Amino acid sequence: MDQYESKCQAMGCDKRGFCSEGCEAAAGENDSNVEVKAKNFTKKVIGIVSGKGGVGKSLVTSTLAVLTMRRGYNVGILDADITGPSIPKMFGISNRAVASQEGILPEKTKNDIKIMSINLLLDEEDTPVVWRGPIVSSVVKQFWNDVVWGDVDYLFIDMPPGTSDVVLTVFQSIPLDGIVVVTTPQDLVHMIVRKAYNMAKTMRVPVLGIIENMSYVKCPHCDEEIRVFGDSHIDDIAAGLGIEVLGRMPIDPELAKASDRGEIEKIHKEYLSEAINYMEKYLKI
Ligand SMILES: Nc1ncnc2c1ncn2[C@@H]1O[C@H](COP(=O)(O)OP(=O)(O)OP(=O)(O)O)[C@@H](O)[C@H]1O
């Protein structure tokens, strides 16, 4: 039993520190005491952010992770979206994470992508997480500090949506090498991307670029690209901010089905391969 678990247990809690009550003090103490494992081996850390919810940030995170893994890298995903975790489901993982002497062990997907998410620690995956910001933030810190990530070339962080204080704390808690902003082609995109961009700038984290999700739907009969959400302004926005457009993903029912079935690793589409090319070039490991 590690130091953290024993503190929790001493407080009559069996949640290994991932609880909403009682162990907050232990969580705070824990930050400074436990040996930091992750940083020793994790080479590049990339945050996937979105200025607002529901734009497909988790699907983009999973797709980037799968494509990167296929290029032969060791890959991990830290699901920092504590109140809406969807990464384990996309990979069909329902095991509970376990603790070892060294720390919490991440779960592995069929292709060895390492995953840590609050859903791997809850008794039931549909238990809602109704914790306040500071507790959510301390859990994210633990996912970085106390998880035995081992040797990871690229760690993708599925950030909480929006630009709230929780997102700020994640920026502060994890040494990000860069962020990718995910958007959809809608009217408010300019403002939303700018907010995410400004947040990263304030925190001195490089913005690697923008990915536009749900850019279009391909007509199954004639291959025409239909712009369901209107015209894209992503090129102008990126040019205005001096950042790259890293890729565009269409609305693809096969992607939705695969993510619902936990089979995202089976998808062999290369929508975001340009984003990986850029990442490899910009963030050499
Ligand atoms: N390009 C796409 N094609 C088809 N389905 C998609 C696409 N992008 C996202 N979806 C579907 O939309 C739903 C929401 O996606 P996802 O969970 O990735 O959004 P999110 O931005 O992470 O949400 P939140 O902000 O609430 O965390 C999922 O069911 C996902 O499969």
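Modeller: Gladly. Helices are DSSP runs of H or I with at least four residues, and strands are runs of E with at least two. On that basis, this predicted model has 11 helices and 10 strands.

Colleague: Why is lysine 57 called buried?

Modeller: A residue is buried if 20 or more other C-beta atoms lie within 10 Å of its own. Lysine 57 has 27 such atoms within 10 Å, so it counts as buried. This lysine lies in helix H4 and touches Ile48, Ser50, Asp158, Pro161 and Val182, leaving aside residues up to four places away in sequence.

Colleague: And what makes lysine 52 partly exposed?

Modeller: The label applies between the two limits, 12 or fewer for exposed and 20 or more for buried. Lysine 52 has 19 other C-beta atoms within 10 Å, and therefore it is partly exposed. Lysine 52 sits in the loop between strand S1 (42-49) and H4. Its contacts, again not counting residues up to four places away in sequence, are Pro161, Gly162 and Ile192.

Colleague: Where does UniProt place the feature "binding site"?

Modeller: The unreviewed entry puts it at Gly51, Lys52, Gly53, Gly54, Val55, Gly56, Lys57 and Ser58.

Colleague: Which residues come nearest to the ligand?

Modeller: Gly53, Gly56, Ser58, Pro161 and Ala256, out of the 20 residues around it. Helix H4 (57-70) and helix H10 (253-261) are the elements that each give two or more residues to this shell.

Colleague: How does the shell divide into nonpolar, polar and charged residues?

Modeller: Eight are nonpolar, nine polar and three charged.

Notes: Residues numbered from 1 in each chain as written. Predicted model: local features only at pLDDT ≥ 70, side-chain atom pairs only at ≥ 80, totals over all residues. Near = placed C-beta within 6 Å. Nonpolar A, V, L, I, M, F, W, Y, C, P; charged D, E, K, R; others polar. UniProt positions renumbered as here; feature names shortened; annotations may be inferred. Contact = placed C-beta atoms within 7 Å.
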